[in-house]
Structure formats: C-alpha cells, structure tokens
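Subject: Structure handover

Hello,

The structure is below, followed by notes on what was found in it.

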Amino acid sequence: NSIWVSTDHDEIEKVAKQFGAQVHRRSPEVSQDSSTSLEAIREFLNHHHEVDIVGNIQATSPCLHPSDLIKVADLIQKEGFDSVFSVVRRHQFRWSEVKKGENKMTEPQNLNPAKRYRRQDWPGELYENGSFYFAKRHLIEKGYLQGGKMAYYEMRAEHSVDIDIDIDWPIAEQRVLSFGYFGKEPLKEVKLLVCSIDGCLTNGRIYVTEDQKEMVSYDYRDIVGIDLLKKRGIQVRLISERDCSKTLSAMRLGCVAKVSATNKLQVLEDWQKDMSLSWKEVAYLGNEESDVECLKKAGMSGVPADACAVAQKAAGYICKSSGGCGAVREFAEHIFLLLEKV
C-alpha cells in the first residue's frame, strides 16, 4: 500500500523522494554498522501502527520484478500465510568442511559419490536468495521475519542476484542488462543516437600546434561502433557546444552534426520532432552538466566512465570506458543488448 525508504542519510532521502517513495528517518540506534534489517523494520512499525504487512525488499537484489511481489502479497493477503520469503533453486553438490589441522576426511552432504549423477538431471535444492521477506506485523513485533504459517516463493534463476561482495557487482550488472525490469512500458527499437563530441567521441583534450592549429584524438573502436549502429538502422547524430566543424570534416564520419550548440536540449527536441520519434526511441550519450537534461529526456542514456558527477547521476548507464577510449562502442553494445529484449 505504501513504499518507504528507511535511512539516516540526507542524500538517500533526497533521491528516494525524487522517485516517489516516502521516507522514514532512521534513528542512530538502528543505523550502526552492526544493525539488522529487522531492527530497522521494528522501529518503523513503532511509528506506523496502520501497517499490518511488511514486504522487506533488499536493495542488494536488483533483478527483482514487480510481478513476483504481487504474487507474494497474494499469498499473505488471500491465502493466509503469515510469512513468505524468496528462494532460488541451486544445483550444487555440498561437502563437509575440514578445518586446517583436523585429521579427518571430507564427507558428501547431498550426494552419493558411488552413484553420482549429472547435476542437470538432479532437481536441486532451495536456498534463500535474500531478495525479499514478507511478514505480518505480529511476527515482526516478536522479532521474526519468518514464522507462523510459512511459504517460500521460488524465483527464476536469472532474476536471483545477491550483491554480497565486490566481485558480485559485474555479475549483477550483466544480469540487470539482460533480465532487469525496465518499467511498465515496453522497450522500443532505438532509431536515433545523439552523441556529445567533446568528452564522449573524443577524450575532451585539445592539442594546439605551434602554428595555432587544433587537434583532437579519437578511438577507432568508436568509429566501428558508429558503423555498427548505422548497419542496425540507427541514425547517429553528433552535438558540440564549440565550433569543431573542421575536426568533424577531417574525421569523415558521415553523421549529421550540430556545432556551437548553446542549448543541447533544444537541438535534441528539434531532431526528435523532425524524425517523428518518441523519447523511447532516442538514445543519448553525454558527459557534461550541459548534457543532463538530454540524458533525462532520452529513453536510453549513457555517460563515459569519466563523466562529471551530475551527468552520471542522470544517466541510465555508466560506461566502463572513458571518453575517447571506446565509450561510444561500449554504449552501442549496451543498446544492442537491450534491443535483444524488444
């Protein structure tokens, strides 16, 4: 019935409100490094007597889909369960641990080595994956997230991602790109990519020769990326705040470009209207504060790894490559990956 973010952090509160959540200001007592989710939820309930069911959604599980939550809520509201938690099926053989210095052998936990079967032929086991815990108020007040009439909800393996340690991040990022939830509106085929020249197609540096001529460098991988986009029927247009027409002419990219653009958003809107596109069909790659409004408008947005902080906050995707070092190619591959879902 209501979505809350429990936090003691000013910036998290600001972002939560921007996205429509209500904020419970967490007390210092339950904001310690050793504090548990249960402690924070119990404090929340002490201030919200109208709440009788809590769905604790873990931020460390970014592939969770709304359809799963709706089904779980029905298990509690319509089928009378007191608590429901998420699990995933694993096909892993377990062995007992032998600590260093112990004079004993390991033992199989869930298999018979003499009749070892293929893991794909085995039904597997259910493990908690930490995506969510739903429970009625009376259980939480007693100090439980699981109890009473319990049920598990089995999630699809591709939606089951738990960020626990640093090495989980790249796995989670790829899972989100391939299986993440992208909103109620279906993805549309991208028809236009607009790329900022300075800091995206180039590294933003300008080299000046002794005879006052300017030079910039670019990465051939980005040129290949632009060619791949064109072959997919995606038009690529370039934009810059400065007059770099001579540089563009020398690069021979064959792209429509707008230089000396004092208002990038106005240029983007003009192109979008001229091509009769919805914003879902427009992608934008920028890196500066002047790109922020364009990044927010575009249906698909990205920034190089070295983009300014405000641009990174506005973008849907942050490249691992820096500007002028393959960011355009990387963003093109990101677009292709998402378009596989269309």
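F134 has a relative accessible area of 8% and is therefore buried (under 20% relative accessible area, with exposed over 50% and partly exposed in between; 1.4 Å probe, protein chains only).

This is a predicted model, in which local features need pLDDT of at least 70 and side-chain atom pairs count only at pLDDT 80 or more, while totals for chains, interfaces and linings use all residues. Residues are numbered from 1 along each chain as its sequence is written, and side-chain values use heavy atoms, with hydrogens and water left out.

Aromatic pairs

There are seven aromatic pairs in the structure (rings of Phe, Tyr and Trp, the last by its six-membered ring, with centres within 6.5 Å; planes under 30 degrees apart are stacked, over 60 edge-to-face, the rest tilted). One of them joins F132 and F134 edge-to-face, at 5.8 Å centre to centre and 85 degrees between the planes. F132 is also buried, at 0% relative accessibility. F132 pairs with Y153 as well, tilted, at 6.1 Å and 50 degrees. Because F132 lies in strand β5 (residues 125-136) and Y153 in strand β6 (residues 150-154), this pair ties together parts 21 residues apart in sequence (strands are DSSP runs of E, at least two residues; helices are H or I, at least four; both numbered from the N terminus). Y153 counts as buried at 13%. Elsewhere, ring pairs link F93, Y117 and W122 into a cluster.

Regards
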